[in-house]
Amino acid sequence: AREIDETARTVGFYQIVGHGVPRSLIDAVHDARASLSALPEERKAQLMGPTGHPFRGLHLNRDDAGVVRQERFMCSRFDSPADAVAVGYDREIAEYVDHNTWPAELPGLRSAVDAYFTRTRELGRRLMGLFAIAAGMGRDGFAACDPMNASSFAINYYPPRREPLTHTPTVLFRAHADVGTLTLVHQRGDYQGLQVHHPDQPGTWIDVPVIDDAYVINVGQMMTHWTNGAWPATRHRVVASENPD
């Protein structure tokens, strides 16, 4: 907890191992993602949420030349507004939840995500207990918030870029700070694309190592609010590799 507090007050990002999430669950989601990416382009275009919700279904983010720079599939722990109402959300707020979207031809995607998402939420609860200790509240300091948590799950895939870059770095996912309380990221790839903005050196970016048995952890703006600014939400981005392929 002391290490978390020190890191959260400074760079804001760190990595953990020994988290207990089975490798088989991680691999299953990565395999399902590969099947999703292999679908025809016209089918992918149909997998966005039916109402156009920005955080449901599959979104293809393109650069100015029309090349897909990121595939993002997202779902919520709530499968529908009714699920949110069932745990205590007002109906007016629950309407924001919208319905999750699952491709019928890939039944393994939902089963893999459901199993994995359950375990990562368990890990999130353990981390929130450490956060509470670090904040001087005791391990159960945030426990009352858990039943109402609106956790989201995202699979971000950055396809290989086979053309030379026109400028370096080429930003695939713009710099931003997360808005929630806690983010867990598992990275898999052949280069260090995730970068964290150095808090004390404007314009300096820190590469986050790709460690296959680790999770990258950071807090969002809600946690910044809850700690009265003691734990800032650090800006970060994703850049393309300098080498094609």
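Student: What does the protein hold in the way of helices and strands?

Tutor: In this predicted model, the protein has 7 helices and 10 strands.

Student: How does the radius of gyration of the protein stand against that of a compact globule?

Tutor: The two agree, because a compact globule of 245 residues would have a radius of gyration near 18 Å and the protein has 18 Å. The C-alpha trace spans about 50 × 45 × 35 Å along its principal axes.

Student: What percentage of the residues is buried?

Tutor: Buried residues account for 41% of the 245. As for contacts with a separation of 6 or more, 70% are between residues 24 or more positions apart.

Student: Turning to the largest nonpolar core, which residues touch the most other members?

Tutor: They are L36, L109, Y116, F131, F153, Y215 and W231, in a core of 37 residues. At least two residues each come from α1 (2-9), β1 (13-16), α2 (23-37), β3 (68-76), α6 (107-134), β4 (152-157) and β9 (215-219).

Student: Which element supplies the largest share?

Tutor: That is α6, with 11 residues of this core. In general, nonpolar side chains tend to be buried together in soluble globular proteins.

Student: What is Y215 in contact with, leaving aside its neighbours within four places in sequence?

Tutor: Its contacts include Y14, Q15 and I16, together with Y116, T120 and L123. L184, V185 and H186 are also among them.

Student: How many residues are in the second, separate core?

Tutor: There are 9, including L172, V208, V216 and V238.

Student: Back to α1: which of its residues are buried?

Tutor: I4, D5, T7 and A8 are buried in α1, and the buried residues of this helix pack against β1 and α6.

Student: How many cavities of 30 Å³ or more does the structure hold?

Tutor: It holds 1, and the largest cavity has a volume of about 30 Å³.

Student: Which residues line the largest cavity?

Tutor: The lining consists of R33, L36, S37, L58, E71, R72, F73, I155 and Y157. Two or more of these residues come from each of α2, β3 and β4. By type, the lining has 5 nonpolar, 1 polar and 3 charged residues.

Student: One more residue, L60: where is it placed?

Tutor: L60 is in strand β2, residues 57-62. Beyond its neighbours within four places in sequence, L60 is in contact with E41, K44, V68, Q70 and E71. L60 and Y157 are 97 residues apart in sequence, and their C-alpha atoms are 9.8 Å apart in space.

Note on methods
Residues are numbered from 1 along each chain as its sequence is written. This is a predicted model: local features need pLDDT of at least 70, side-chain atom pairs count only at pLDDT 80 or more; totals for chains, interfaces and linings use all residues. Side-chain values use heavy atoms; hydrogens and water are left out. A nonpolar core is a set of buried Ala, Val, Leu, Ile, Met, Phe, Trp, Tyr and Cys residues joined through side-chain atoms within 4.5 Å. Buried means under 20% relative accessible area, exposed over 50%, partly exposed in between (1.4 Å probe, protein chains only). Helices (H or I, at least four residues) and strands (E, at least two) are DSSP runs, numbered from the N terminus. Contact means heavy atoms within 4.5 Å. On a 1 Å grid over the protein atoms alone, a cavity is a set of points where a 1.4 Å probe fits but cannot get out, and a pocket is an open set with protein on both sides within 12 Å along at least five of seven lines; lining residues have an atom within 4 Å of a point. Grid points are joined across faces, edges and corners, and a volume is the space filled by probe spheres set on the points. Ala, Val, Leu, Ile, Met, Phe, Trp, Tyr, Cys and Pro count as nonpolar, Asp, Glu, Lys and Arg as charged, and the others, Gly among them, as polar. The radius of gyration is taken over C-alpha atoms; the globule rule is 2.2 Å times the number of residues to the power 0.38.
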